Amino acid sequence: MSSIQKVGVVGCGLMGRGIAQVCAAAGYDTVVREVNQDLLDTGLGAIRKQLDRAVEKGKLEAEVRDATLGKLSGTVSLEDLADCDLIIEAIVENIEAKKDLLGVLDRQSPEHTIFSSNTSSLTVTEMGAATDRPDRFVGLHFFNPVPVMKLVEVVRTGSTSQDTFDRAFEFAKSLGKVPVACRDNSGFIVNRLLVPYMLDAIRGFEEGIGSIEDIDTAMKLGTGYPMGPFVLGDFVGLDTLYYIAEIMFDEYREKRFAPPPLLKRMYLAGYHGRKTGKGFYDYSGDEPVVSDFVL
Ligand code: 3HC
């Protein structure tokens, strides 16, 4: 069995770019693919900016930054991923889009290539079944911001071989992460617990338990969480939170996973959090203030 040397990351959005960065930093030849040059430039630019900032702050040697960038390349062509040993899919949380992509990659990839998905809530089993390599398919779920968060959930389906799981687990360790083993249940461990909490904070606000700022302050200072639930929602992206909630509700049919009406309206209105400049907070000024949508 050949070892992992070249990693392909599909998607250079918030998660894909972080994953590509940590793979390159760990010394893997890494190629990241986006659908068009604009999105690719944005993603690669964000990686460069983050590494430059770390160098300016004295947290990273300039040579280490250069070595990381030297291991990283971008492409808009899936064909450039044809000789990867591991592929990590990190595109939009849409099962049909993922299955289409995986079908193309499956046809062009060598037999030994391990496929993985960074999905946070979709069924890894269904993705594996869309390929001819369900035994070499595993979930690798990273957390935002990927370069900082230590956890990776390594998700095993009923079809994942022991060898694939072990190699994915070791791969996560080689990135300096702490892997945990999860079964293929929607939301795995973290989102299964975190998403109902975030949705309940929104429901609590709708029911008048406190203001956006007071709920955030209460949870931050009362529990030691680094961010309150609304700051975290804006950070994760309210579009992403909405998609995850819909998927988990569909899977479990339990009210605690159902997206509250306010979240749906914010999603529909384009209030997606930091990425669009407005969510529960408005980020256009020097300091975030509660956004007009929830005043
Ligand atoms: N990318 C890379 N590095 C970042 C970063 C980013 N986006 N944001 C912050 N950092 C780094 C900073 O450079 C800094 O590094 P340093 O200590 O070496 O200088 C360090 O993180 C701390 O940053 P700050 O001092 O600016 O700010 P904080 O101390 O407030 O930390 C935080 C920021 C790490 C984001 C912290 O607030 C936190 O842990 N928040 C919770 C994040 C969380 O819960 N993530 C999981 C979300 S759920 C998820 O991802 C699952 C998905 O499926 C939805």
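Visitor: Where is threonine 113 found?
Guide: This is a predicted model. Helix H4 covers 95-108 and strand E5 covers 114-117. Threonine 113 is found in the loop between helix H4 and strand E5.

Visitor: Is threonine 113 buried or exposed?
Guide: The cut-off for buried is under 20% relative accessible area. Threonine 113 has 0% relative accessibility, so it counts as buried.

Visitor: Which backbone oxygen does the side chain of threonine 113 reach?
Guide: Leaving aside neighbours within four places in sequence, threonine 113 is in contact with Cys84, Asp85, Leu86, Ile87, Arg133 and Arg136. At 2.8 Å, its side chain reaches a backbone oxygen, that of cysteine 84.

Visitor: What separates the centres of domain 1 and domain 2?
Guide: The domain assignment gives domain 1 as 6-183 and domain 2 as 190-290. Taken over C-alpha atoms, their centres are separated by 26 Å.

Visitor: How many residues of domain 2 are in contact with domain 1?
Guide: Contact means heavy atoms within 4.5 Å. On the domain 1 side, 12 residues are in contact with domain 2. On the domain 2 side, the number is eight.

Visitor: What area is buried between domain 1 and domain 2?
Guide: Carbon and sulfur atoms give 65% of the buried area. The side of domain 1 that touches domain 2 has five nonpolar, five polar and two charged residues. The area buried between the domains is about 800 Å².

Visitor: How many residue pairs are in polar contact between domain 1 and domain 2?
Guide: The count of salt bridges between the domains is zero. Polar contacts do occur there, both pairs at pLDDT 80 or more. The count of residue pairs in polar contact is two.

Key:
Residues are numbered from 1 along each chain as its sequence is written. This is a predicted model: local features need pLDDT of at least 70, side-chain atom pairs count only at pLDDT 80 or more; totals for chains, interfaces and linings use all residues. Side-chain values use heavy atoms; hydrogens and water are left out. Helices (H or I, at least four residues) and strands (E, at least two) are DSSP runs, numbered from the N terminus. Buried means under 20% relative accessible area, exposed over 50%, partly exposed in between (1.4 Å probe, protein chains only). A polar contact is a pair of N or O atoms within 3.5 Å; within protein, one must be able to donate a hydrogen and the other to accept it, and residues adjacent in sequence count only if both atoms are side-chain atoms. Domain bounds come from an automatic or database domain assignment. Buried area is the accessible area (1.4 Å probe) that two parts lose on being put together, summed over both. A salt bridge is a side-chain nitrogen of Lys or Arg within 4 Å of a carboxyl oxygen of Asp or Glu. Ala, Val, Leu, Ile, Met, Phe, Trp, Tyr, Cys and Pro count as nonpolar, Asp, Glu, Lys and Arg as charged, and the others, Gly among them, as polar.
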